Amino acid sequence: MVPALSPSRASDFKQCPLLYRFRTIDKLPSPPSPAAARGTLVHAVLERLFDLPADERTPAAAQALLGPQWSALVEEEPELAAMIADDAKLTEDGWFSDAQALIETWFTLEDPTRLEPAERELYVETDVDGLVLRGYVDRLDVAPDGAMRVVDYKTGRSPSELFEGKALFQMKFYALVLWRLRGEIPRLLQLVYLGNGEVVRYAPDEHDLLSLERNLKAVWVAIERAATTGDWRPKTSKLCDWCDFREFCPAWGGTPPPLPENAALIALNPAVSGQVAPTDE
């Protein structure tokens, strides 16, 4: 079994080993999030918009995609519709209006009539010295000279310094995989924050990516050690304020579920440690 890591699972462990355990071994579900569902919808609309001829990629066309894309998502996950209906603070019209506003913001940041992405929701995977790295790239633009730009849509606001490193970690992860796959370092990493209309750009270099490669190998060694010893101790930080699992965390007075007998096998299963899904990353 070749070990594997996705950016989200690696980020989980770096943030808190117990968080990694809760998501991979205990498989504790996160509560449904209207914001996350809206993000999934907006990602789907922006992906499908590029199916249209360039001159038809208008705000009106994007708005027209909202309904059909939401229906497709609800068909796959019926609980999404129930989530909105059960939330006293939400109405379907207001929720759609918020999604539409995010898409309208995107049109102020990029002109889709002048873009022809080389790839959308691109699955990437490479083997780095026996560790498989995998994930999904929202959009990959390739210039005529072959220069690559990795683009990721974020439906929230641009982060404070507390969260900025986490977002760049994900993008550098994609850059490393693309470098190993294509032999060239992406020229630019671009995070498009629709919540406040900011674009964050970063130009990675070889030093960045080699450092990340070493870090990911060390993360995997640490995951193996935790799986072998059963020591998934929590790592507290300001990020705990946003954790869905504090009620189970000893650092917050909670008690984790008992570890199953096959916990180590689950934690190191590449289908678990390397779990990825479009728009989840």
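## Salt bridges and exposure in a predicted model

P32 is exposed, its relative accessible area being 60%, where exposed means over 50%, buried under 20% and partly exposed in between (1.4 Å probe, protein chains only). This proline lies in the loop between α2 (17-24) and α3 (34-49), and its C-alpha atom is separated by 7.7 Å from that of L80, 48 residues apart along the chain. Helices (H or I, at least four residues) and strands (E, at least two) are DSSP runs, numbered from the N terminus.

The model is predicted, with local features needing pLDDT of at least 70 and side-chain atom pairs counted only at pLDDT 80 or more, whereas totals for chains, interfaces and linings use all residues. Residues are numbered from 1 along each chain as its sequence is written, and side-chain values use heavy atoms, leaving out hydrogens and water.

The whole structure holds 18 salt bridges, each a side-chain nitrogen of Lys or Arg within 4 Å of a carboxyl oxygen of Asp or Glu; three of them are tabulated.

| Pair | N to O distance |
|---|---|
| E110 and R139 | 2.8 Å |
| R134 and E125 | 3.3 Å |
| R180 and E213 | 2.9 Å |

R180 lies in helix α7 (residues 161-182) and E213 in helix α8 (residues 206-229), so this pair ties together parts that are 33 residues apart in sequence. R180 is partly exposed at 35% relative accessibility, whereas E213 is buried at 9%.

T126, in strand β2 (residues 119-128), is also buried, with a relative accessible area of 9%. Its contacts (heavy atoms within 4.5 Å) include R180, not counting residues up to four places away in sequence.
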